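Please keep the sequence and the structure at hand while reading.

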Amino acid sequence: LERDGHLRRKPDIARGLELPDHQTPSFRRIPVVAYIAAGEPLPVVTNDGWSSEEALETLEFPETMLQGKRDLYALRVRGSSMIDALVDDGDIVLIEPSQQSSNGDMVVARLKLENDTTLKRLYREGDQVRLQPANSLMEPIYSQADNVEVQGRVVGVIRILR
């Protein structure tokens with residue numbers, strides 16, 4: 001770490017280590033804008049997606065943790081359908097807004113006709129989509145592909161210890 005410039009030794013102090021001045025981390029505030037269902041889908045707050053104007057709370061993250069991702073927002077999880085993916089009731093998921101996703105991505109999916117959202121793994125299967133929970137006790141949700149809108153992909157999980 002010293003060779004790569006991440007730490008600096010203080011020769012006049014026993015076990016003296018310090019971070020170089022240029023390593024002062026900067027932080028970014030991420031709003032927790034709503035709850036997301038990890039179980040039965042919940043009604044959407046607005047048809048336009050999530051709004052950070054009336055955040056439930058705001059969290060600070062070091063820029064290095066966010067890996068240059070922009071426009072992130074957070075959602076608080078309700079339910080345990082993603083427990084085997086280490087996302088439990090009360091946890092917070094960091095979401096990167098995107099309508100693009102790959103099979104197996106954990107996404108915020110909106111069911112347009114039902115006007116509900118849910119947190120699931122998404123799989124495209126022909127003309128339908130399977131929203132797969134990560135909990136063997138729960139069944140997947142099947143819907144026509146044109147009824148499912150991806151609103152964002154999960155890029156991080158904050159575990160709330162109780």
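Leucine 119 touches Ile36, Ala37, Ala38, Val77, Ser81, Met82, Val87, Val93, Met106, Val107, Val108 and Val154, leaving out residues up to four places away in sequence, where contact means heavy atoms within 4.5 Å. The model is a predicted one, in which local features need pLDDT of at least 70 and side-chain atom pairs count only at pLDDT 80 or more, while totals for chains, interfaces and linings use all residues. Residues are numbered from 1 along each chain as its sequence is written, and side-chain values use heavy atoms, with hydrogens and water left out.

Leu119 is also among the residues with the most contacts inside the largest nonpolar core, together with Leu75, Met82 and Val93, and this core has 17 residues. Strand 3 (27-37), strand 6 (73-78), strand 7 (92-97) and strand 8 (106-111) are the elements that give two or more residues to this core. A nonpolar core is here a set of buried Ala, Val, Leu, Ile, Met, Phe, Trp, Tyr and Cys residues joined through side-chain atoms within 4.5 Å; buried means under 20% relative accessible area, exposed over 50%, and partly exposed in between, with a 1.4 Å probe and protein chains only.

Methionine 82, another of these core residues, lies in the loop between strand 6 and strand 7 and is buried, with a relative accessible area of 0%. Beyond its neighbours within four places in sequence, methionine 82 is in contact with Ala38, Val87, Met106, Leu119, Lys120, Arg121, Gln132, Pro133 and Ala134. The C-alpha atoms of methionine 82 and glutamine 132 are separated by 8.9 Å, although the two residues are 50 residues apart along the chain.

## The chain as a whole

Helices (H or I, at least four residues) and strands (E, at least two) are DSSP runs, numbered from the N terminus.

Of the 162 residues of the protein chain, 41% count as buried. The chain exposes about 9900 Å², of which carbon and sulfur atoms supply 47%; these areas come from the Shrake-Rupley method with a 1.4 Å probe, and for residues only the protein chains shown count as cover. Among contacts between residues at least 6 apart in sequence, 61% join residues at least 24 apart.

## Arginines in strands and over rings

Arginine 28 lies in strand 3 and is buried, with a relative accessible area of 14%. Its side chain reaches the backbone oxygen of lysine 69 at 2.8 Å, a polar contact being a pair of N or O atoms within 3.5 Å, where within protein one must be able to donate a hydrogen and the other to accept it, and residues adjacent in sequence count only if both atoms are side-chain atoms.

Arginine 153, in strand 12, counts as partly exposed at 28% relative accessibility. The side chain of arginine 153 makes a polar contact of 2.8 Å with the side chain of glutamate 96, and the residues that arginine 153 touches include Leu94, Ile95, Glu96 and Met106.

Two further arginines sit over tyrosine rings: arginine 78 lies over the face of tyrosine 35, at 3.7 Å from the ring centre, and arginine 130 lies over the face of tyrosine 123, at 4.4 Å from the ring centre. A charge counts as over a ring if NZ of Lys or CZ of Arg is within 6 Å of the ring centre and within 35 degrees of the ring normal.

## Residues in loops

Arginine 15, in the loop between strand 1 (8-9) and strand 2 (17-18), has a phi near 55°, a positive value in a residue other than glycine, and is exposed, with a relative accessible area of 85%. Aspartate 71 lies in the loop between helix 1 (63-66) and strand 6; phi of aspartate 71 is near 60°, also positive, and the residue is exposed, with a relative accessible area of 63%.

Asparagine 147, in the loop between strand 11 (141-144) and strand 12 (148-158), counts as buried at 5% relative accessibility. A polar contact of 2.9 Å joins its side chain to that of serine 143, and beyond four places in sequence asparagine 147 touches Arg110, Leu111, Lys112, Leu113 and Glu114.
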